[in-house]
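Please open the model in your viewer and keep the sequence panel beside it. The tour below goes from one selection to the next and says what is there at each stop.

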Amino acid sequence: MTDAGAMSTKRTHRVVVPIVLAVATIVWFAAAMSVWVNRQALNTDNWTKTSSKLLAQEKIDNALGAYLVNQLFTGVDVAAAIRQQLPSQLQGLAGPAAGGLRELAGRAAPELLASAQVQTAWRTATGLPTSSCSGS
């Protein structure tokens, strides 16, 4: 092969290889996403089983409990709500009462999420009969 032919082949490889690699990466990503979407987003039973197993884990309960309590206390002025219910002499205690309530809610939320009633309610709400996920 001549020098010109070898140079042309090298140039072709420099262009073709990255293009093939990019196309293969895009196809692989699309295939992986389609499998995930099919198994999780479009298959109610798989979604419910997976999410129920996650909700049954202590770490998930702790994180979700903290998130829910934060969302509640961020979205609602609990101190103001307590203040409205207290007589005028005790309205100064609304802030500390709200802080104490937040602490109690933070401790109780993970335990509540781990309860059988919440687990059953989650399975029912996401469309899976409670008998299908026994033991999770």
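How many salt bridges does a search of the whole structure find? The search finds one, where a salt bridge is a side-chain nitrogen of Lys or Arg within 4 Å of a carboxyl oxygen of Asp or Glu. Before selecting it, note that this is a predicted model, in which local features need pLDDT of at least 70 and side-chain atom pairs count only at pLDDT 80 or more, while totals for chains, interfaces and linings use all residues. Residues are numbered from 1 along each chain as its sequence is written, and side-chain values use heavy atoms, with hydrogens and water left out.

**The salt bridge**

Select Arg107 and Glu103, whose closest N and O atoms are 3.3 Å apart. Both residues lie in helix 5 (residues 94-114), four residues apart, which is about one turn of the helix; helices (H or I, at least four residues) and strands (E, at least two) are DSSP runs, numbered from the N terminus. Arg107 counts as exposed because its relative accessibility is 54%, whereas Glu103, at 43%, counts as partly exposed. In these terms, buried means under 20% relative accessible area, exposed over 50%, and partly exposed in between (1.4 Å probe, protein chains only).

**The whole chain**

Zoom out and colour by secondary structure: the protein has six helices and zero strands, and along the sequence the pattern reads α-α-α-α-α-α. Of its 136 residues, 17% count as buried. The accessible surface comes to about 9900 Å², with 64% of it belonging to carbon and sulfur atoms; such areas come from the Shrake-Rupley method with a 1.4 Å probe, and for residues only the protein chains shown count as cover.

**The nonpolar core**

Next, select Val69, Phe73, Val78, Ala79, Ile82, Ala94, Ala98 and Ala109, the eight residues of the largest nonpolar core. Helix 3 (58-75), helix 4 (78-85) and helix 5 each supply at least two residues of this core. A nonpolar core is a set of buried Ala, Val, Leu, Ile, Met, Phe, Trp, Tyr and Cys residues joined through side-chain atoms within 4.5 Å.

Within this set, centre on Phe73, which lies in helix 3 and is buried because its relative accessible area is 14%. Leaving aside neighbours within four places in sequence, Phe73 is in contact (heavy atoms within 4.5 Å) with Val78, Ala98, Leu101, Arg102 and Ala105. The C-alpha atoms of Phe73 and Ala105 are separated by 9.9 Å, although the two residues are 32 apart along the chain. Val78, with residues up to four places away again not counted, touches Phe73, Ala98 and Leu101.

**A buried glutamine**

Move to Gln119 in helix 6 (residues 116-125), which counts as buried because its relative accessibility is 7%. A polar atom of the Gln119 side chain lies 3.0 Å from the backbone oxygen of Leu113. Apart from neighbours within four places in sequence, Gln119 is in contact with Ser52, Leu55, Ala56, Leu113 and Ala114.

**A nonpolar patch on the surface**

Finally, select Val15, Val16, Ile19, Val20, Val23 and Val27, which form a nonpolar patch on the surface with about 510 Å² of accessible area together. Patches are made of residues with over 30% relative accessible area and no salt bridge, like charges being joined within 9 Å and nonpolar side chains (Val, Leu, Ile, Met, Phe, Trp, Tyr) within 5 Å. Val16 belongs to helix 1 (residues 3-41) and counts as partly exposed because its relative accessibility is 41%.

Notes: Polar contact = N/O pair within 3.5 Å; in protein donor to acceptor, adjacent residues only side chain to side chain.
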